[in-house]
Amino acid sequence: MESIIKDQLLGFLLRKGIINKNQHGFISNHSTCTNLLECTYDWLVTLNSSRTTDIIYIDFSRAFDSIVHKKLLNKLENYGITGKLLNWISCFIEDRYQCVAIENCFSSVAKVISGVPQGSVLGPILFIIFINDIDCVCHGKTNLKLFADDAKLYSEIDLSCHSSSLQSSLNNLATWAEAWQLLINVQKCFVLSTVSSKRTNVSSSRSYYLNGVLLTNSASVLDLGITISPDLSYTAHINNIVSKAFQRSSIFFRGFASRNLQLMRKAFVTYIRPILEYNCILWSPNLVYLIDLIESVQRKFTKRIPSLSNLPYSSRITSLKLQTLELRRLHFDLTNYFKILNGMSSLNPSDYFLIYNPIISTRSAVPSLLKPLHASSKLSSFFSYRSVEAWNHLPTSVKLLTSLPSFKASIKSVNFSALLKCSFL
């Protein structure tokens, strides 16, 4: 029943254009990845123009538990949700009770006076409806991005002073949060200022205040699981995930005596490799030493399997029916190119790709992608540009496919060896 209500409710709000376009949580074709791609592309374009961006990360305290039921119902009614459906939602969120159970011991029962039911199907949708109008706080050139309750405000700034529009937006945010009774944890809010290189001083002199409290300037921020550095390089993030993957690998080899190949493969694929591939289309490196660093996790893992230890790396991964991590990242890039170019993503192709449409009379009438002529190394290595050669390398028949599963299957048979940089092969 919740799923039916959710689908109908969300479908209605999306058709009417009511859902905030900056919200990437719990909405089809949106994810942490689309959120981060939109943000980082804006920041890189600004940095490419020798300008900087101030980014403010906002932390709401117990946001899902703090929603006032009457105010949520009021917002739903204002968005056109009335009658029996509004009454049903009212019954769904109100008159709930909770207790704590530990084995056979139970606490006293308490009435739930606020919040949406967490762990429910409908709860997250009700939450994003409740904070849907948060973009009204943006002043001037300030931008807002959301993933559920994770919010960040950012604005291109004049180096000679702080961004007045960003400070005004912070003041508006404080007023908005107070009106809707959402508590902001100011101590966990941070400012990150982009810089052109690591040698640039990251201790910004620009000061921002929220509820009268000076916000801390941070040297790096964990943004939806990705470490964002002021110079917008991902070296720190790659070092972190490689270290974590090696730790998990060591734990596995200490904890399991069996070296059965099927078990080894399953352990790596389910327990270790996801660490190295989470949102990799955002941070996939172009530099050989970083490509090798990531690949070294799989290389050393396979080396520790006794029956494969004497074989070269290429033979070891073939025996385990694995691909190189670099090739998998390239496949992820191309798959997302396909999704964006075919309208299967929330990202607009013209915002991220330079598309060349050849003259109809030429031999190939299939559009190709171009790289920008004047771009910094960071912008050139951004997701929408770094795999342009690989996309253009695809056979025309593959690029013209309309089915995503068919495309994924087809690119596995394409030879990309000339475009790979890993030195282990």
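**Group meeting: notes on one predicted model**

Glu156 is partly exposed, with a relative accessible area of 35%; here buried means under 20%, exposed over 50% and partly exposed in between, using a 1.4 Å probe and protein chains only. Before going on, the ground rules. This is a predicted model, in which local features need pLDDT of at least 70 and side-chain atom pairs count only at pLDDT 80 or more, while totals for chains, interfaces and linings use all residues. Residues are numbered from 1 along each chain as its sequence is written, and side-chain values use heavy atoms, with hydrogens and water left out.

Back to Glu156. Glu156 sits in strand S7; helices (H or I, at least four residues) and strands (E, at least two) are DSSP runs, numbered from the N terminus. Which residues does Glu156 contact, leaving aside neighbours within four places in sequence? They are Thr46, Arg51, Thr52 and Thr53, where contact means heavy atoms within 4.5 Å. Trp43 is 113 residues from Glu156 in sequence, but the two C-alpha atoms are 8.3 Å apart in space.

In general, side chains of opposite charge can pair when their charged atoms come close. The rule here is a side-chain nitrogen of Lys or Arg within 4 Å of a carboxyl oxygen of Asp or Glu, and by that rule the count is 11. Lys152 pairs with Asp223, with 3.1 Å between the closest N and O atoms.

Next, a pair involving helix H12. Arg328 forms a salt bridge with Glu277, and the closest N and O atoms are 2.6 Å apart. Arg328 is in H12 and Glu277 in helix H8, residues 261-277, so that the pair links distant parts of the chain, 51 residues apart. Arg328 and Glu277 are both buried. Through shared partners, salt bridges join Arg273, Glu277 and Arg328 into one network.

While we are on helix H12, residues 325-341, how does this helix pack with helix H10, residues 288-303? The angle is about 115°, and the axes are 9 Å apart. For reference, axes are lines fitted to C-alpha atoms, for helices over the stretch in contact, and angles run from 0 to 180 degrees between N-to-C directions. Under 35 degrees is called roughly parallel, over 145 roughly antiparallel, 65 to 115 roughly perpendicular, and the rest oblique. H10 and H12 are therefore roughly perpendicular to each other. On the H10 side, the residues that meet H12 are Ile291, Ile294, Glu295 and Gln298. Their counterparts in H12 are Leu325, Glu326 and Arg329.

Now two backbone points. Most residues other than glycine have a negative phi. Lys321 has a positive phi, near 60°, and is not a glycine. Lys321 lies in the loop between helix H11 (313-319) and H12, and is exposed because its relative accessibility is 70%. Arg62 is another such residue, with a positive phi of about 45°. The loop holding Arg62 runs between strand S1 (52-58) and helix H3 (69-78). Arg62 counts as exposed, at 61% relative accessibility. Arg62 also has a salt bridge to Asp65, with the closest N and O atoms 3.0 Å apart. Asp65 is partly exposed, at 29%.

Leu354, Tyr356 and Leu370 make a nonpolar surface patch with about 260 Å² of accessible area together. Patches take residues with over 30% relative accessible area and no salt bridge, joining like charges within 9 Å and nonpolar side chains (Val, Leu, Ile, Met, Phe, Trp, Tyr) within 5 Å. Areas come from the Shrake-Rupley method with a 1.4 Å probe, and for residues only the protein chains shown count as cover. Leu354 is in strand S14, residues 354-356, and is partly exposed at 36%.

Val366 is in the loop between S14 and strand S15 (368-370). Val366 counts as buried because its relative accessibility is 15%. Not counting residues up to four places away in sequence, Val366 touches Pro358, Thr396, Lys399 and Leu400. How far is Val366 from Val68 in space? The C-alpha atoms are 54 Å apart, and the two residues are 298 apart in sequence.
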